[in-house]
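Me: Could you walk me through this one? I would like to start with the helices and then change topic.

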Amino acid sequence: MRLTFTTIEGCRVIACDGKTVRGAKDRDGNQPHLPAAMDHATGVVIGQVDVAVKTNDIPMLRELLGQFDITNSVITIDALHTPRSTIEYIVGRLPGCAPVAGRG
């Protein structure tokens, strides 16, 4: 059985994850990698960024979350995005926010 949460205690739930586009390549043979944010209530991708070849997902999460209002939201991210700078960015945009780590 699969559970889907659209809100948690009245807060919007946003899931962030990145995917590499299989079968697509740029002129240098690199596959695009696209971190995205999805609203659990609607199933709609509300933000997406392209990761440059010489970087990775970690710095791009802040750019992704900067595209929309995260006030009154629960943001889910994987362990890759737990460096202090990323957590400080999220907490700075969500007053009263408490980071929580766990295993699913």
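**Helix contact and cavity**

Reply: In this predicted model, Ile58, Leu61, Arg62 and Leu65 in helix H1 meet Ser85, Thr86, Tyr89, Ile90 and Arg93 in helix H2, where contact means heavy atoms within 4.5 Å. The residues of this contact divide into five nonpolar, two polar and two charged, with Ala, Val, Leu, Ile, Met, Phe, Trp, Tyr, Cys and Pro counted as nonpolar, Asp, Glu, Lys and Arg as charged, and the others, Gly among them, as polar.

Me: At what angle do the axes of H1 and H2 cross?

Reply: The axes of H1 (residues 57-65) and H2 (residues 84-93) cross at roughly 15 degrees and come within 9 Å. That makes H1 roughly parallel to H2, a label for angles under 35 degrees.

Me: Which elements does the protein have, in what order?

Reply: From the N terminus on, the order is β-β-β-β-α-β-α, which comes to two helices and five strands; helices (H or I, at least four residues) and strands (E, at least two) are DSSP runs.

Me: What lines the largest cavity?

Reply: Its lining consists of Cys16, Asp17, Gly18, Pro35, Ala36, Asp57, Leu61, Leu64 and His81, and strand S2 (11-20), strand S3 (33-39) and H1 each supply at least two of the lining residues. A cavity is a set of points on a 1 Å grid where a 1.4 Å probe fits but cannot get out, and lining residues have an atom within 4 Å of a point.

Technical notes. Residues numbered from 1 in each chain as written. Predicted model: local features only at pLDDT ≥ 70, side-chain atom pairs only at ≥ 80, totals over all residues. Heavy atoms only, no water. Axes fitted to C-alpha atoms, helices over the stretch in contact; angles between N-to-C directions. Parallel < 35°, antiparallel > 145°, perpendicular 65-115°, else oblique. 1 Å grid on protein atoms, 1.4 Å probe; cavity = no way out; pocket = protein on both sides within 12 Å on 5 of 7 lines; lining within 4 Å.
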